[in-house]
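Subject: Structure handover

Hello,

Please find the structure below. My notes on it follow.

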Amino acid sequence: MAVPLASVVEPFLTDRATLTRRGLTDGSRAGYRQDVATWARQIAQDVGRLTGDEGEDPLALLTSDDLTELNVKNAYRSIRGREAASTVQRRVGTLRLFVRWLQMEGHLAVDPTLRIEAPERPVRLPAGWDDAELLRLAKVAWDVSPGDNRRWPARDRAAFALLSTTGVRASELCGLTDRSLRVEEDGEAVLTVIGKGNRQRNVPVPPEALRVVQEYVAERDDRFGQPEHGAPLLRLSSGRPLQRGALNHLVDGWIRRSGVSKQEGEAAHGFRHTFAKGLIRSGVPAPAVQALLGHEDLKTTGIYVKATAADVRDAVLVSPSRRVLREVGATDAATAAVPS
């Protein structure tokens with residue numbers, strides 16, 4: 001029985017949240033909805049149902065009967081032609097989940113995605129910054145420009161210290177409160193982080209970073225007084241919580257002024273890549289790195305192992321010894337060419 005797509009998207013998302021082990025975050029829920037809406041918009045455009053009205057909901061223009069193999073195949077060609085392979089792969093995955101749910105609910109007889117082969121997701125090894133680049137970033141973060149009232153140096157240093165020594169995500173950093181950081185009786189500091197899927201993990205904070213954060217907290221409390229229970233750890237100069245967009249803007253400024261290369265993705269995420277690869281290079285076992293980063297699957301952590309292996313290979317390729325061997329080889333070749 002055909003049903004309007006607009007009437008079944010929310011039940012589909014609710015079902016996904018129930019069946020998924022971690023549930024669905026608001027971001028994941030919005031992502032699924034956007035993927036389904038993208039397919040609906042393309043199909044509605046292809047069959048001539050879009051009117052061009054602002055705010056038009058493509059999901060209200062289609063029913064489950066419109067999800068035919070031909071319509072989906074045509075939409076796939078258009079979507080694949082304009083979007084990145086990784087995005088197309090995600091959209092195909094969402095559509096497959098959606099149509100299979102429609103089948104189980106009795107709204108769709110045939111899966112129209114059976115003949116679609118999603119493009120392979122390109123493997124991008126995380127780059128991260130080397131020690132010299134990280135030092136350049138730190139010097140910029142520690143620099144105090146005279147007359148720049150928009151910056152808050154103590155807060156900037158605290159953000160840098162936590163990003164670089166704990167590997168937290170930008171959203172995790174912005175979600176920290178004063179209660180997230182605690183100092184044990186033995187003097188060791190621990191940061192309690194709420195990560196993806198609301199999973200909690202504890203990350204040690206080295207003394208150097210703890211000192212920087214405590215200096216910022218003392219300055220913050222002088223400005224705004226003692227924080228309320230559960231108040232955000234990092235704030236803007238106005239006192240409002242530091243949001244992810246403002247954090248990435250801050251890191252973008254460090255990158256621009258230091259002249260280091262911009263990493264792919266959000267600016268602050270470059271610190272996470274750098275932290276992870278530094279641990280792997282130092283010989284920290286992958287499961288320990290997995291626990292520190294909050295990866296659910298060890299395969300995700302394995303990406304950093306591959307990236308570090310690539311760094312080692314590249315280091316071998318630039319070894320001065322290669323030049324020596326080339327010169328020796330050239331001498332041998334010249335000697336062999338001389339007749340005896």
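In these notes, buried means under 20% relative accessible area, exposed means over 50%, and partly exposed is anything in between, with a 1.4 Å probe and protein chains only. This is a predicted model, in which local features need pLDDT of at least 70 and side-chain atom pairs count only at pLDDT 80 or more, while totals for chains, interfaces and linings use all residues. Residues are numbered from 1 along each chain as its sequence is written, and side-chain values use heavy atoms, with hydrogens and water left out.

Overall

The chain has 13 helices and three strands; helices (H or I, at least four residues) and strands (E, at least two) are DSSP runs, numbered from the N terminus. Of its 340 residues, 41% count as buried. Contact means heavy atoms within 4.5 Å. Among contacts with a separation of 6 or more, 61% come from residues 24 or more positions apart.

Cores

A nonpolar core is a set of buried Ala, Val, Leu, Ile, Met, Phe, Trp, Tyr and Cys residues joined through side-chain atoms within 4.5 Å. The largest one has 49 residues, and the members that touch the most others are Leu173, Leu247, Val251 and Trp254. Helix 6 (residues 153-166) gives the most to this core, with seven residues. Apart from it lies another core, of 29 residues, including Tyr32, Tyr76, Val92 and Trp101.

Leaving out residues up to four places away in sequence, Leu247 touches Ala159, Leu163, Ala170, Leu173, Cys174, Leu242 and Ala268.

Helix 6 and helix 9

The axes of helix 6 and helix 9 (residues 244-258) come within 12 Å and cross at roughly 90 degrees. Axes here are lines fitted to C-alpha atoms, for helices over the stretch in contact, and angles run from 0 to 180 degrees between N-to-C directions. Angles under 35 degrees count as roughly parallel, over 145 as roughly antiparallel, 65 to 115 as roughly perpendicular and the rest as oblique. Helix 6 and helix 9 are therefore roughly perpendicular to each other. Helix 6 makes the contact through Arg155, Asp156, Ala159, Phe160 and Leu163, and helix 9 through Leu247, Leu250, Val251 and Trp254. By class, this contact has seven nonpolar, no polar and two charged residues. For the classes, Ala, Val, Leu, Ile, Met, Phe, Trp, Tyr, Cys and Pro count as nonpolar, Asp, Glu, Lys and Arg as charged, and the others, Gly among them, as polar.

Ile255 is also found in helix 9. Ile255 counts as buried, at 6% relative accessibility. Beyond four places in sequence, Ile255 touches Trp129, Leu137, Val260, Ser261, Lys262 and Ala267. The C-alpha atoms of Ile255 and Ala267 are separated by 8.3 Å, and the two are twelve residues apart along the chain.

The expected span of a helix is 1.5 Å times one less than its number of residues. For the 21 residues of helix 2 (residues 26-46) this should be 30 Å, and the end C-alpha atoms are 30 Å apart, which agrees. The buried residues of helix 2, among them Tyr32, Val36 and Trp39, pack against helix 1 (5-19), helix 3 (69-82) and helix 4 (85-104).

Helix 10 (residues 269-281) has 13 residues and should span 18 Å; its end C-alpha atoms are 19 Å apart, which agrees. Eleven of its 13 residues are buried, so helix 10 is largely enclosed by the rest of the structure. The buried residues include Arg272, His273 and Lys277. Just after helix 10, Gly283 has a positive phi of about 90 degrees.

Single residues

Trp101 lies in helix 4 and is buried, with a relative accessible area of 7%. Leaving aside neighbours within four places in sequence, Trp101 is in contact with Val8, Pro11, Phe12 and Asp15. Trp101 and Asp15 are 86 residues apart in sequence and 8.8 Å apart in space, C-alpha to C-alpha.

Ala84 sits in the loop between helix 3 and helix 4. At 41% relative accessibility, Ala84 counts as partly exposed.

Regards
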